[in-house]
Amino acid sequence: MTGAADAGAPLLEVRGVGKSYGSVSALRGVTASVAAGEVLCVLGDNGAGKSTLIKILAGAHAPTEGTLLAHGVERQFASPRDALALGIATVYQDLALVPLLPVWRNFFLGAEITVGRGPFRRLDVAAMRRATRDDLALMGITLRDVDQPIGTLSGGERQAVAIARAVHFGAGLVILDEPTSALGVSQAALVLRYIARARDRGIGIVFITHNPHHAWAVGDRFLVLRRGTSLGEFGRDEISLEALTGLMAGGAELDALGPELDRAASARDPA
Amino acid sequence: MTQAATVTERPARPGRGVALLRRPEVGAFVAAFGIFLYFSISTSAFLTPAGVATWLYSSSLFGIMAVAVALLMIGGEFDLSAGAMTGTTGLIVGIATTQWGLNIWLALVLALAAALLVGAFNAWLVTSTGLPSFIVTLATFFILQGLNLAVTKLLTGTVAIQGLGAVTGFDQARVLFGSSFPLFGMDVKISIVWWILLTGLATWVLLRTRFGNWVFAVGGQAASARQVGVPVRRVKFGLFLTTAGAAWLVGMLQLFDVSTVQATTGIGQEFVYIICAVVGGCLLTGGFGSAVGAALGALIYGMALQGIVFAQWDSNWLKAFLGGMLLLAVLVNLWVRRQAGERS
């Protein structure tokens, strides 16, 4: 598929990318990379530029500055389809699932396996059930019944189905848009476990989150964004969880604000 | 399984009972069986060969439409123009053959083309404007109702078209749409065969083809379906054309059965089709239901319609019964949805 691709190169790399809308700059000078079997965490508060970065990586938006390289080759994605063709899939927060539809039908929706020709072309139900069960087992989910509506799975499991689906259809790199943010503690832990599972199978992961604890649990590299700029990309050995949290929250700013917030909180009734 | 750490938490797996109740058509099956038993025992005519043939015929006309409407409802849309359309197609054939002397086969094709055109118009309006199909097809329903009466009166001076029996080729076309054959002492009308065949075909399409999979997805969560590449617009077009085609078929079945057609044919039946589909387990919100269920819903309606006649009750009880069934069905559906449905 990518004959010129360099096998040792990162799956996806951005060098100084940015995006401006007219005179408004949403993102500037972001450099980061993610290799196979590696988790790149993108951290940032609301409005930090995370979603702009996802859209650039997913091919939904073209960057207005900088370069993007897939498998070591410079690329310009015209649409998410171009990214998908290079094995870069994005799992958005809504997961693109149909709650009342059985798990296996969701898994293969839009890319159903069929047998037969012409008017007799029909679904290969047995093959799809089997593939769904096997692929979910690889993620560490053993479903006794792939015919149950996907809405009956827990939030974490649904997230895992969406990841497994992306991987099944050829994604070597999966971009996860805040997969843990809508979940409770135990479900978020489940998702982190699935992310680790996918990473161990050699899948590259871009994990977008605003929770440094979640990032620290699975991340190999950490990209911190704030107000549309990169505060740097760090390896796991270059930064600590405390430093990461401080960086994300705006470190010094928050420290200065600390005493003030304390007083404000004690003066007011807990909301 | 291999790793204790990866065992995920999940709600208790529902027992066989709940799994069975998850099937959309189970409630309708139980109700149909109950109504069958009741009228079989309480009236003498219900279980006679002539009686069975009567309620099966009645059910078949509603059933063909109910199955098509069920597909559309699973796909998340309504078609209120379906009832009036059965009249429109019959009238087109009637007028074209008796007034203009058109060949009957050509008239059949003309009526089908007209029905498909209306279906395509419904689909086009719904998919391109995003308006609810309920309101769009309510409009086409009234347009058709008005046209059926006004145009028929304009061209023939009356509100009924008769004398189709004298048209050349009527008997040949009647083999397809208005014939009957003996079976177990019954005089089985061909529409029953159409009904069973179409229910089977619709079930196969729904459960075993890509299109069927897409119908569920489009009705269940159109945005998700679009994201994974399902051609939402094309699916909806296909469904509206299906109800239009079914309306044509039912129009022909009625026309060739009695060889006359009233300008008011089909008016008021659009809701019966929807009720049959809902009684058969279709969710009004889309994404869930079955063709067999809709066929059973129509069977319930047909049995009640004729059973009330056989029992010599006031036929007005039928409407009250229909309303009661509908209420019961939506309550059962609500419960099913809670059991099997979304958890967030």
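Visitor: How do the residues lining the largest cavity divide into nonpolar, polar and charged?
Guide: Ala, Val, Leu, Ile, Met, Phe, Trp, Tyr, Cys and Pro count as nonpolar, Asp, Glu, Lys and Arg as charged, and the others as polar. In this predicted model, the lining includes Glu13(A), Ser33(A), Leu12(A) and Val206(A). The division is 9 nonpolar, 1 polar and 1 charged.

Visitor: Which elements give two or more residues to the lining of the largest cavity?
Guide: The search of the whole structure finds 3 cavities of 30 Å³ or more, and the largest has a volume of about 60 Å³. Among its lining residues are Val14(A), Ala32(A), Val34(A), Leu53(A) and Leu57(A). The elements asked for belong to chain A: strand 1 (12–21), strand 2 (24–34) and helix 1 (50–58).

Visitor: Which residues touch the most other members of the largest nonpolar core?
Guide: This core has 108 residues. Helix 3 (residues 49–74) of chain B gives the most to it, with 18 residues. Leaving aside neighbours within four places in sequence, Met252(B) is in contact with residues including Val93(B), Leu108(B) and Phe177(B). The residues that touch the most other members are Met252(B) and Phe256(B).

Visitor: How far apart are the end C-alpha atoms of helix 2 of chain B?
Guide: Helix 2 covers residues 26–42 of chain B, and its buried residues include Val26(B), Ile35(B) and Phe39(B). The expected span is 1.5 Å times one less than the number of residues, so the 17 residues should span 24 Å. The end C-alpha atoms agree with this, being apart by 24 Å.

Technical notes: Residues numbered from 1 in each chain as written. Chains lettered and ligands numbered in written order. Predicted model: local features only at pLDDT ≥ 70, side-chain atom pairs only at ≥ 80, totals over all residues. Heavy atoms only, no water. Helix = DSSP H or I, 4+ residues; strand = E, 2+ residues; numbered from the N terminus. Buried < 20%, exposed > 50% of the residue type's maximum accessible area, 1.4 Å probe, protein only. Core = buried A, V, L, I, M, F, W, Y, C linked by side-chain atoms within 4.5 Å. Contact = heavy atoms within 4.5 Å. 1 Å grid on protein atoms, 1.4 Å probe; cavity = no way out; pocket = protein on both sides within 12 Å on 5 of 7 lines; lining within 4 Å. Points joined across faces, edges and corners; volume = space filled by probe spheres on them.
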